Amino acid sequence: MTTHLVVGAGPVGTALASRLSQAGRTVRVVTRSGGGPELPRVQRIALDATDATALADAARGVGVLYNCANPGPYPEWERGWPPLAASVLHAAETSGAVLVTLGNLYGYGPVDGPMTRDRALAPSSPLGEVRARMWQDALAAHRAGRVRVTEVRASDYIGPSVPDSHGLLPMYAAATLAGKPAFVMADPDQPHTWTAVDDVVSTLIALGADDRAWGSPWLVPSNPPATVREVLRELGARAGTGEPKLRRVPRAALRAGGLAVPMARAALGVLYQFDRPFVADASETSNVLGVRPTPWGQVLDATAPAWHTRATASRSQRGVVLDPVGAGLPPGRGPLSERAGVELSPPGATPLPGRSPRRRCRSAGPPRRR
């Protein structure tokens, strides 16, 4: 039976290892801390995933290798991703495993019309350029016959396990589900594709098992687009918190914050995703590979209580951070530069500055509580 290696134990890596374990598969999970789900048939391995020799050793005898890692906050991507991606590619090549990389939509840049898997990459930010180079390097190795690769491209995550530091939507929900206004960084009324974590996992597994997927990227099937306001309204209706109160942060204030804070400056480079419709068309993934999105109502039913519980607990413990850059904050709250940055999202989500820093290992294990 095929052994699977998962690099990273964030929301997706953890859910993937759990799903594979439940299906009776043998799974190895690599993080620097040795974290990951404690389940039957899951072996947790502590190592630095940028150590090519150590990772290649961990990949011996593996049939499918999933790169679900994240090298850290946005400002660390240009430095952290190249050695991590190269190490994972080397491990797949030496082991003969199929490499399935968890990616995002940053490489497409600003678009007019829906994104499809065969749309040409045209990154407009350093973050998008990093992701595009990773795929181009992997694809070159595939075409040279050195390794079999594919990439899963997801939009911003939604689901009960997604932390409020892993994107704009969960951060806004941390405020609105606690009965507070949310200070939004872009237009909350633009249609946007949201990707359920469970659907990311389904796509990862399907691509690793189907040779028709190899040598190409695939988008994760997701529900029809919805605006930030619409999603927060639906979550609030399920949680009983009512209509969300949203306040737009002026872009000038965001730029001012970016002058002093690298995290805010990097985030500005991908806010175009919320300034216009940002829609992914993954119909080909459904038609060819049979993966279909979880019904939207089910996604919201599972997400709302989890996010509401977290929001109310967070409010009682330390209050809710409303404004990611210090613009328009109530008296007594310091600017972003005083509150540091956030440990950024898994590769498919748009993260936010403004939470307390928790540095995570390059193999994307769960952050440690202080």
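Mentor: Residues are numbered from 1 along each chain as its sequence is written, and side-chain values use heavy atoms, with hydrogens and water left out. As this is a predicted model, local features need pLDDT of at least 70 and side-chain atom pairs count only at pLDDT 80 or more, while totals for chains, interfaces and linings use all residues.

Trainee: What makes the contact of D57 and R60 a salt bridge?

Mentor: A salt bridge is a side-chain nitrogen of Lys or Arg within 4 Å of a carboxyl oxygen of Asp or Glu. The side chains of D57 and R60 meet at 3.0 Å, N to O, so the pair qualifies. The structure holds 13 salt bridges.

Trainee: Why is R60 called exposed, and D57 partly exposed?

Mentor: Exposed means over 50% relative accessible area, buried under 20%, and partly exposed in between (1.4 Å probe, protein chains only). R60 has 59%, so it is exposed. D57 has 38%, so it is partly exposed.

Trainee: Which class do E151 and R153 fall into?

Mentor: E151 has a relative accessibility of 4%, so it counts as buried. R153 is buried too, with a relative accessible area of 4%. Their side chains meet in a salt bridge at 2.7 Å, N to O.

Trainee: How do you know that R233 and E243 form a salt bridge, and what does the pair tie together?

Mentor: Their N to O distance is 2.8 Å, so the pair meets the 4 Å limit. R233 lies in helix 7 (residues 228–239) and E243 in the loop between helix 7 and strand 11 (246–248), so the pair ties together parts that are ten residues apart in sequence. Helices (H or I, at least four residues) and strands (E, at least two) are DSSP runs, numbered from the N terminus.
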